[in-house]
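Hi,

Here is the structure I promised to pass on. Have a look at it first, and then read on for my notes.

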Amino acid sequence: MKRTFNARSWTVWLLSTAVLTLIIRNPLYLIIILLAARIVQKSCGEDERMIKISFWRLSAVILLFSVLFNLLLVHVGQTVLFRLPQNMWLVGGSLTLEALIYGATSALILITLLAVFMAYNSVVSTSDLIALAPRALANVGIVVLIAVSYVPETLNHLQRVREAQSLRGHKVRGMRDWQPIIIPLLVGGLERSMNLAETMVARGYGATSSVGLSTAIRLLLLAGLVFVLGGWLVSFQYPLLGWVLLLAGGACLLIAYLRQGRHSSRTRYAQVHWQAQDWLLVILSLLPLALALLPFPGLNGSSLSYTPYPLAALPEFEPLMGIVLALLAAPAVIADL
Amino acid sequence: MQKVLTSSIFAVSILIGIAVFLFPIIVPAALPAADTLGGEFQQTQALTMVLLTLTIAVLLLEVQGQATSAKMVAALGMLIAATSILRFLEVAIPGPGGFSPIFVPIIIAGYVFGARFGFMMGALTMFVSALLTGGVGPWLPYQMFAAGWVGLTAGLLPQVNNQTLLLIMLATFAFIWGILYGLIMNLYYWPFLSGSLELGVAQGIGATIENYGVFYLTTSFVWDMTRATGNLVLMLALGLPAVRALERFRDRFQFQVAAP
């Protein structure tokens, strides 16, 4: 797999793009983000997925559901396209252009999110993704690593089990026929895990005492959870207080993670260095987000949200915002620098 | 003290889970009407994902204490690998739509090895199979949370010695979770697709629930029923042998050399 950028800088790109997709409700801007994500995937990504999902087919299904559902159930809006008899349950009434546009916009948000995450999946390899796990979650990281590394072998094992069973005349016809396949698969996996555990111990796993959670850290975790929940609930009525509580909760959790992380150290075999182009990617990813969230002179934030109700009109489009959003496609260009 | 803290952490995380999953239904009542039409709702939606991710981060840190022995780590990894493979079968072997064979192993592992093991098994199976299928997305925290609770609640089931009773209990449990899982996961994308919030503000909570009901019946009821029935049948077919196999290993895993 060609390494274009550091997985961390890709993650910044992902977060910025995903947040933008979630806060923008203007179809024109969403299409720019969607295209940017597709361009990034085509130019930087590598398809290593084991299951191929057709992006456009899935998108078509989402679009169809969303448009139909809105059109048939939401009878709000002034541009009437068609009328169904009033006595039909739920769907009866006027079908409006506004509901259609609203449904299509909602679908566009989901489709864009899908494209953004598909791009991220294809540009960051599985092992790099696992390496991003915080140090406090060392044990969880090891479990995930074992699972991912043993999947190919388990697939082979599954193949062997199925061959052995079909030699004996076994065919999968109903649910009950899964038994001779799944049970040996589970038992075989557990047998191997006994061997693996012995190997791990022989190589010194668990030789240093592993530290459980202390009372202080548990208190921090609990306080963090209570703060974020409280902040989230309060933010409906008092946004400022809500955000303060949310940030306080986040800080508690961060401290807990950092303190717990001190107990485990990790050495890396293949270091991936942070390069100049990673800085470039981070800056170019955060720029559109900053422009969308913070007030800037000459930029009107109102073009970000768009609602067709009550009377459909063309969405506003600010060329500067459009250009800045197109920067999200930058990885495709600067990867080759 | 430690025990009280642990159970409080779990209690708060349950509250957060309920609040987040029910949020599309309660939020129209909570938000001032004028705001829902703008970007306000979507920001809140983004916030719920952050909230859920943080909660999963806390729960993973809390339960990973379970996986300190090499045997448990290795067993968990292997079981997750085997279960993730079953998720491939879901695509490779055409079965009834909506059916997924991954829930039965999660339930059985939770039942045999306990609630914490079950939570890790469920949440991490979702995570690993998402990594492998390229399915990492904003829906992942919701899947991890829901599947984690499948395993966790399975660990809270009473230990039953009577084989028939055990099978009935596990099969009913698998059936119920088959439906619940769909109900919960729908709540994640339903507000995107249905434009329900506009409705909710105009017509109140009753209309929102009705809207969700229609959405559920038209898009996912059949799907969920096949999943639930599939779970039931699969559990009936291999629940007992799988429980027996895992129980045999449980005794071997808990074997420790006593300090002299």
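What percentage of the 260 residues of chain B count as buried? The figure is 55%, where buried means that 20 or more other C-beta atoms lie within 10 Å of a residue's own, exposed means 12 or fewer, and partly exposed is in between, with C-beta atoms placed from the backbone. In chain A, buried residues make up 37% of the 337 residues.

Some housekeeping before the rest. This is a predicted model, in which local features need pLDDT of at least 70 and side-chain atom pairs count only at pLDDT 80 or more, while totals for chains, interfaces and linings use all residues. Residues are numbered from 1 along each chain as its sequence is written, and chains are lettered from A and ligands numbered from 1 in the order in which they are written.

**The two chains**

Chain A has 12 helices and 2 strands; here helices (H or I, at least four residues) and strands (E, at least two) are DSSP runs, numbered from the N terminus. Along the sequence, its pattern reads α-α-α-β-β-α-α-α-α-α-α-α-α-α. Chain B comes to 10 helices and 0 strands.

Chain A is divided into domain 1 (7-210 + 268-334) and domain 2 (215-261), with bounds that come from an automatic or database domain assignment. The C-alpha centres of the two domains lie 27 Å apart. As for overall shape, the C-alpha trace of chain A spans about 70 × 55 × 45 Å along its principal axes. Its radius of gyration is 26 Å, whereas a compact globule of 337 residues would have one near 20 Å (taken over C-alpha atoms; the globule rule is 2.2 Å times the number of residues to the power 0.38).

Now for contacts, which I count when the C-beta atoms of two residues, placed from the backbone, lie within 7 Å. Of the contacts in chain A with a separation of 6 or more, 71% are between residues 24 or more positions apart. For chain B, 77% of the contacts between residues at least 6 apart in sequence join residues at least 24 apart.

**Where the chains meet**

The contact takes 89 residues from chain A and 82 residues from chain B. On the side of chain A that touches chain B, α7(A) gives the most, with 15 residues. By class, that side of chain A has 64 nonpolar, 20 polar and 5 charged residues (Ala, Val, Leu, Ile, Met, Phe, Trp, Tyr, Cys and Pro count as nonpolar, Asp, Glu, Lys and Arg as charged, and the others, Gly among them, as polar).

α7(A) has 24 residues, which should span 34 Å at 1.5 Å a residue, and its end C-alpha atoms are 35 Å apart, which agrees; the expected span is 1.5 Å times one less than the number of residues in the helix. Its buried residues include A:Ile181, A:Leu185, A:Gly189 and A:Arg192. After α7(A) comes A:Gly204, whose phi is positive, near 100 degrees.

**The cores**

A nonpolar core is a set of buried Ala, Val, Leu, Ile, Met, Phe, Trp, Tyr and Cys residues joined through C-beta atoms within 7 Å. The largest has 118 residues, and A:Ala147, B:Ile107 and B:Ala174 touch the most other members. Both domain 1 and domain 2 of chain A give residues to this core, so it lies between them. Apart from it lies another core, of 52 residues, among them A:Leu22, A:Tyr102, A:Ala115 and B:Tyr212.

Leaving aside neighbours within four places in sequence, B:Ile107 is in contact with B:Val150, B:Ala154, B:Leu170, B:Phe173 and B:Ala174.

**A few spots to look at**

- α6(B), residues 115-133, reaches 27 Å from its first C-alpha to its last, close to the 27 Å expected. Of its 19 residues, 18 are buried, so α6(B) is largely enclosed by the rest of the structure.
- B:Leu180 lies in helix α8 (residues 163-194) of chain B. It is partly exposed, with 16 other C-beta atoms within 10 Å.
- A:Leu28 sits in helix α2 (residues 27-44) of chain A and is partly exposed, with 17 other C-beta atoms within 10 Å. Not counting residues up to four places away in sequence, A:Leu28 touches A:Pro315 and A:Phe317.

Cheers
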